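I opened this notebook to keep track of what I looked up, one topic at a time. The entries below follow the order in which I went through the model.

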Amino acid sequence: MSSPLPILAIGKHAQILQTVVGLLNKNPAWQGYGAEDVPTALHLLQQVHPALVLFTNGLCQAEEAEITQKAKELQPAPILLQHYGGGGGLLTNEIWAALDAAQV
Amino acid sequence: MATTVLHKAHTRGLADHGWLKSQLSFSFANYYNPDRVQFGMLRVLNDDCVAPGMGFGTHPHDNMEIVSIPLDGNLEHKDNMGNTAIIRQGDVQVMSAGTGIYHSEYNGSKESEVKFLQIWVFPNKKNVAPRYDQQAMNIAERRNTLHQILSPSADDAGVWIYQDAWFNMGNFDAGQKITYALHKPGNGVYVFVLKGTATISGQALAERDGFGIWDTQNLDIAADSDTELLLMEVPMSA
C-alpha cells in the first residue's frame with residue numbers, strides 16, 4: 001500500500017481551512033496539511049513536499065505568486081490548483097481532475 | 001454555427017443519502033464524470049429533494065456564487081452573517097461566498113419533502129465580502145414569457161451575482177414560441193426543463209433534460225406541451 005498523497009491547502013479563513021484539511025484526511029489515500037499564511041505555507045512546502053497545493057481563499061495575488069514561485073522550484077513540482085466552494089462539494093472532484101490531468 | 005451539448009435527465013449523477021436525493025447535472029462530491037464537469041462558468045446544477053425535517057447542517061463555502069431556487073416546499077436558511085430566512089417556491093436566494101460563509105439549510109416541514117435547485121456559478125471576482133440576498137418573484141409574471149431572476153447588476157431585475165450571468169424562468173402554454181437573445185458575446189445558455197417538453201433551437205427536450213448551446217446569438221424556444229423552463233446564460237470562459 002502506497003503512502004498517502006500529501007496535499008497542502010492554503011487559505012486565510014481558519015474554519016474553512018480546518019474543514020478542508022479535515023475532508024482531505026477523511027480519504028485514506030490523502031494526507032492533508034493546512035497553512036493560514038505565507039511563511040507557514042513556505043515552510044510546509046519544504047517540509048512535506050506536497051503533491052498538490054490547493055489555494056482556497058483570502059490570499060492576495062502577490063502572496064499566491066510567492067507561494068507559486070517557491071512551489072515550482074521543488075523537484076518534482078507540486079500540482080497547483082484553485083479550490084472553489086469552500087467545502088466538500090467540489091474538493092474531491094478538483095483533486096481527481098488534477099490527478100487525472102497529471103496522470104498521477 | 002451553434003455548438004451544443006445535451007444532457008438527458010436519466011444520464012445525470014445520482015446521490016442518495018436517504019434524507020437527501022440529488023440528481024447531479026455536473027460532477028459534484030463523489031460523482032465525478034470528466035465529461036460532465038461544467039458548462040462554462042456554470043459548475044453545479046443539483047436537483048435536490050430533502051426529506052421532512054432534514055437538511056444540510058452548518059457548513060462552509062467560499063469563492064462561489066450560490067443560487068437556490070425552491071421548486072416545492074420551503075427551505076430554512078441560517079448563516080453566520082446573522083441571516084435567518086425561509087425561502088419558498090417563487091423565491092430566489094443568492095450567496096456570494098467570497099472570503100467565506102457558514103450556513104445551514106433545513107426542510108422545516110415535518111410532513112413534506114422540499115425540492116429545490118442548487119446552482120453554483122464561478123465568480124468573476126475572488127475574495128469578495130460575503131453577501132446574502134433573497135427575492136420573492138411573482139410566478140404569474142412568467143406566463144408565456146421569460147422572467148429575469150438573476151443578472152450581474154444590482155439595478156437590474158432579480159438577484160445579482162459576481163458574474164456576467166443572466167437567469168430567466170418561464171411557464172409556457174403548449175404551442176407558445178419565443179426567442180431568447182443572449183446578452184453578451186462569448187456567453188452560452190444552459191436550458192433546464194423543469195416541467196413538460198420543449199424544443200430549443202431544433203433540439204427536443206423532456207422534463208429535467210439539460211441542453212447547452214453557445215456560439216450563437218439567439219435561442220428559438222417552442223413549448224411542445226405546457227412547460228416550465230430555466231435558462232442560465234453564463235460566460236463560456238473565465
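**Entry 1: Leu75(B)**

I began with the neighbours of Leu75(B), and, leaving out residues up to four places away in sequence, I found that Leu75(B) touches Ala85(B), Ile86(B), Ile87(B), Glu105(B), Tyr106(B), Asn107(B), Val114(B) and Phe116(B), where contact means heavy atoms within 4.5 Å. I note here that this is a predicted model, in which local features need pLDDT of at least 70 and side-chain atom pairs count only at pLDDT 80 or more, while totals for chains, interfaces and linings use all residues. Residues are numbered from 1 along each chain as its sequence is written, chains are lettered from A and ligands numbered from 1 in the order in which they are written, and side-chain values use heavy atoms, with hydrogens and water left out.

I located Leu75(B) in strand S7 of chain B, residues 75-79; helices (H or I, at least four residues) and strands (E, at least two) are DSSP runs, numbered from the N terminus. Is Leu75(B) buried or exposed? Leu75(B) counts as buried because its relative accessibility is 2%, and the scale calls a residue buried under 20% relative accessible area, exposed over 50% and partly exposed in between (1.4 Å probe, protein chains only). I also looked up Gly55(B), which is 20 residues from Leu75(B) along the chain, and the C-alpha atoms of the two are separated by 8.7 Å.

**Entry 2: the nonpolar core**

Which residues have the most contacts inside the largest nonpolar core? They are Ile69(B), Ile119(B), Phe167(B) and Leu230(B), in a core of 50 residues. Strand S11 of chain B (residues 114-121) gives the largest share of this core, 6 residues. By the rule, a nonpolar core is a set of buried Ala, Val, Leu, Ile, Met, Phe, Trp, Tyr and Cys residues joined through side-chain atoms within 4.5 Å. I then followed Leu230(B), whose contacts beyond four places in sequence include Ile69(B), Ile119(B), Tyr190(B) and Leu194(B).

I found Arg208(B) in the loop between strand S19 (203-205) and strand S20 (210-214) of chain B, and with a relative accessibility of 17% Arg208(B) counts as buried. A polar atom of the side chain of Arg208(B) lies 2.6 Å from the backbone oxygen of Leu194(B). Arg208(B) is also linked with Arg12(B) and Asp47(B) in a network of salt bridges, a salt bridge being a side-chain nitrogen of Lys or Arg within 4 Å of a carboxyl oxygen of Asp or Glu. As a general point, side chains of opposite charge can pair when their charged atoms come close.

How many salt bridges does the rule count over all chains? The count comes to 8. One of them joins Glu63(A) to Lys12(A), with the closest N and O atoms 2.8 Å apart. This pair links distant parts of the chain, 51 residues apart, with Glu63(A) in helix H3 (residues 61-73) and Lys12(A) in the loop between strand S1 (5-10) and helix H1 (14-26) of chain A. Lys12(A) counts as partly exposed, at 39% relative accessibility.

Glu228(B) is in strand S22 (residues 227-235) and Lys195(B) in strand S17 (residues 187-195), 33 residues apart. Glu228(B) counts as buried at 15% relative accessibility, whereas Lys195(B) is partly exposed with a relative accessible area of 47%.

**Entry 3: where the chains meet**

The contact takes 23 residues from chain B and 22 residues from chain A. The two chains bury about 1700 Å² between them, 53% of it on carbon and sulfur atoms; buried area is the accessible area (1.4 Å probe) that two parts lose on being put together, summed over both. Tyr32(B), Asp62(B) and Tyr102(B) supply 33% of the area that chain B buries against chain A, more than any other three residues.

Terms used:
A polar contact is a pair of N or O atoms within 3.5 Å; within protein, one must be able to donate a hydrogen and the other to accept it, and residues adjacent in sequence count only if both atoms are side-chain atoms.
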